[in-house]
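User: I would like to learn how to read some features of a protein model. Could we start with a side-chain contact?

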Amino acid sequence: MDASGDGRNPRGPRARTHTRTRTRTRTRTRTRTRTGILLSAAAALVAAAVPASASQPAPAPAPDPVVVDCFSKGQVRPDEYLLACGDGNNRLVDLRWNTWGPKTATATGTDMVNDCRPYCAAGRFRPYPVTVTLSDPQPWPDRPGTQRFATIRLLYTDTAPAPVPKDVTYKLVYDTPSPTPTPSS
């Protein structure tokens, strides 16, 4: 009973409503706190799962080397390659590249060689099956950041054109840039 003697609860209906509102507010606050904690934990797990390298882009790999043709053009996996730039009497044809990587490139094909009989203008081109290996990549001065193969190896799988041995290696000769003239004083 209450002190006033009227039989009413001292808290009354207004007090009960206030208590319910406080309870709801506490429940919402707890729910928001739990949600915040769960979201923070999930973010921490994701951050821990992603490697540090993924946050910074990896540098792009250097492009594979090229083989420079007689016209100073860099080629990758050419179907044909002229070996005798001056007279065109020796060229690789039907090249099928097995590999082309940062250190070597290998192919099979045919070496078409002019027999120059009785002389080169009247000669016939003869086919010689060959395995080609490009190697020894070097910087290409005309193209910064590009490597060019500097060595070619020909391994004749049947007979070789006389007087060439069955296994021969050549340095690929490239034009070097002419020196820049300096002004005279």
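Analyst: The side chains of D115 and R126 make a polar contact of 3.0 Å. The term covers a pair of N or O atoms within 3.5 Å; within protein, one must be able to donate a hydrogen and the other to accept it, and residues adjacent in sequence count only if both atoms are side-chain atoms. This is a predicted model, in which local features need pLDDT of at least 70 and side-chain atom pairs pLDDT 80 or more, while totals for chains, interfaces and linings use all residues. Residues are numbered from 1 along each chain as its sequence is written, and side-chain values use heavy atoms, without hydrogens and water.

User: Where is D115 found?

Analyst: D115 belongs to the loop between β5 (105-114) and β6 (125-139); strands are DSSP runs of E, at least two residues, numbered from the N terminus.

User: How is a pair of aromatic rings described?

Analyst: By the distance of the centres and the angle of the planes. Rings of Phe, Tyr and Trp (its six-membered ring) pair with centres within 6.5 Å; planes under 30 degrees apart are stacked, over 60 edge-to-face, the rest tilted. The whole structure has three aromatic pairs. For W97 and W100, the centres are 4.8 Å apart and the planes at 75°, so this pair is edge-to-face. Y128 and Y156 have centres 6.3 Å apart and planes at 85°, so they are also edge-to-face. Y128 is in strand β6 and Y156 in strand β7, so their pair ties together parts 28 residues apart in sequence.

User: Are Y128 and Y156 buried or exposed?

Analyst: Both Y128 and Y156 are buried, meaning under 20% relative accessible area (1.4 Å probe, protein chains only).

Definitions and conventions: Helix = DSSP H or I, 4+ residues; strand = E, 2+ residues; numbered from the N terminus. Buried < 20%, exposed > 50% of the residue type's maximum accessible area, 1.4 Å probe, protein only.
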